[in-house]
Amino acid sequence: MARVFVTGAKGQVGSELEYALLKAGHQVVSSSHQSLDISQYDNVRSALKASGVDIVVNTAAFTNVERAESEKAVAYSVNALGARNLATCCAQLDIPLIHLSTDYVFAVDKEGPHKEDDVTEGHSVYAKSKLEGEHFVLDSGCKALIIRTSWLFGRFGRNFVKIMLSLARERHEIAVVSDQLGNPTPVRALAEAIVKIIPQVLKPTFKDFGVYHFSGFEATSWDDFAREIFRRAQQQHVINHEINVVSISSEEYKSKAMRPHDSRLNCDKFKSTFGITMPYWPQYLAEVIRAYQRESKGQLPLDGYDHTLTAFVTDKQGKLQPAPDSMTLELQADATESESADSADRADADTNDRGVDAAAEKSTQEKAETESTEDKT
């Protein structure tokens, strides 16, 4: 079993990854932005040296696409400088790095599905900062895997599925962008894929470092994604009234940042290298809807698992210290069968980023800025 350092541990990907790693028997050193500021080089180096980890997974990022337009310095400090610090330290300490990135790095008007070596051209501050982070990681000389993903939704944190369910509690009509295509990606599937590839990456003979894509299938639009969410929620009796999804254009959805019209990702490289099939995203909706129900009742998304714990923190000198009252972070309870995809759903999935930045509710114009992989700063 490996000892894994997870940054952004309180974000929706970090939380799910932490759970998956512990469930698989790995040791986890987890840090949120409150416990480790990855934009501070000395703190990052001290923490990695003290942790004695075998591999680092960076899920931390500034992911509010709209706010990034007005908070450029903060976005770059985390998405670009933070990535550079982690990659530089990993290169110096000979620690492999798995770094999560986004579909936003592609041009807004380029058609997908995008391959890893397609031309990149970020048009928003968020996209440019993430792309610069990729460049820093690749130029660092560290043993790095960059995994681009898209339209993430999961049991932890804020994401498109939960936002749609929240709006549906009070609305009968919701307007959602229809002219943007992408691949919704279940966070649990991404986390479990990372857990599966870690043993391969840690083998001395592994040489296939570089850029990869991982996303769910099949591709869809935001408005059709919303319709499927509501259909499943009605089946689970979370919504007991009809929701009219009104399709609108990107031009009708006013925003500061430009978003890709086609975020579809080609994941053939990941499948051929690691032998992992991409997840069929509709089969993961039930567990996210259940997590939303639990949270609406003030409960944890998963029974018995408190994802807000942090195993280690750094002190003012950047030294790694056990978190108060938590010498180690232990898995408190396995997920019950009801918290996993149904067995029939899983069979279907076996055969076959970013939350929403593209949904709009007409009367409130409430944005869902959740692109992410990440622990918000």
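User: Which residues have the most contacts inside the largest nonpolar core?

Analyst: A nonpolar core is a set of buried residues such as Val, Leu and Phe, joined through side-chain atoms within 4.5 Å. In this predicted model, the largest such core has 69 residues, and Met164, Phe225, Phe230 and Phe270 have the most contacts inside it. Helix α7, residues 187–201, gives the most to this core, with 10 residues.

User: What does Phe225 touch, leaving aside residues up to four places away in sequence?

Analyst: Phe225 touches Trp151, Phe153, Phe160, Val161, Pro184, Thr220, Trp281 and Leu285. Another core, of 32 residues, lies apart from the largest one; among its members are Leu36, Leu48, Val56 and Val137.

User: How should the length of helix α4 be read, and what distance separates its end C-alpha atoms?

Analyst: The expected span is 1.5 Å times one less than the number of residues. Helix α4 (residues 72–93) has 22 residues and should therefore span 32 Å; its end C-alpha atoms are 30 Å apart, which agrees.

User: Which elements do the buried residues of α4 pack against?

Analyst: Buried means under 20% relative accessible area. The buried residues of α4 include Ala75, Val78, Leu86 and Cys90. The partners of its buried residues are the strands β1, β3 and β4, together with the helices α2, α3 and α5.

Definitions and conventions. Residues are numbered from 1 along each chain as its sequence is written. This is a predicted model: local features need pLDDT of at least 70, side-chain atom pairs count only at pLDDT 80 or more; totals for chains, interfaces and linings use all residues. Side-chain values use heavy atoms; hydrogens and water are left out. Buried means under 20% relative accessible area, exposed over 50%, partly exposed in between (1.4 Å probe, protein chains only). Helices (H or I, at least four residues) and strands (E, at least two) are DSSP runs, numbered from the N terminus. Contact means heavy atoms within 4.5 Å.
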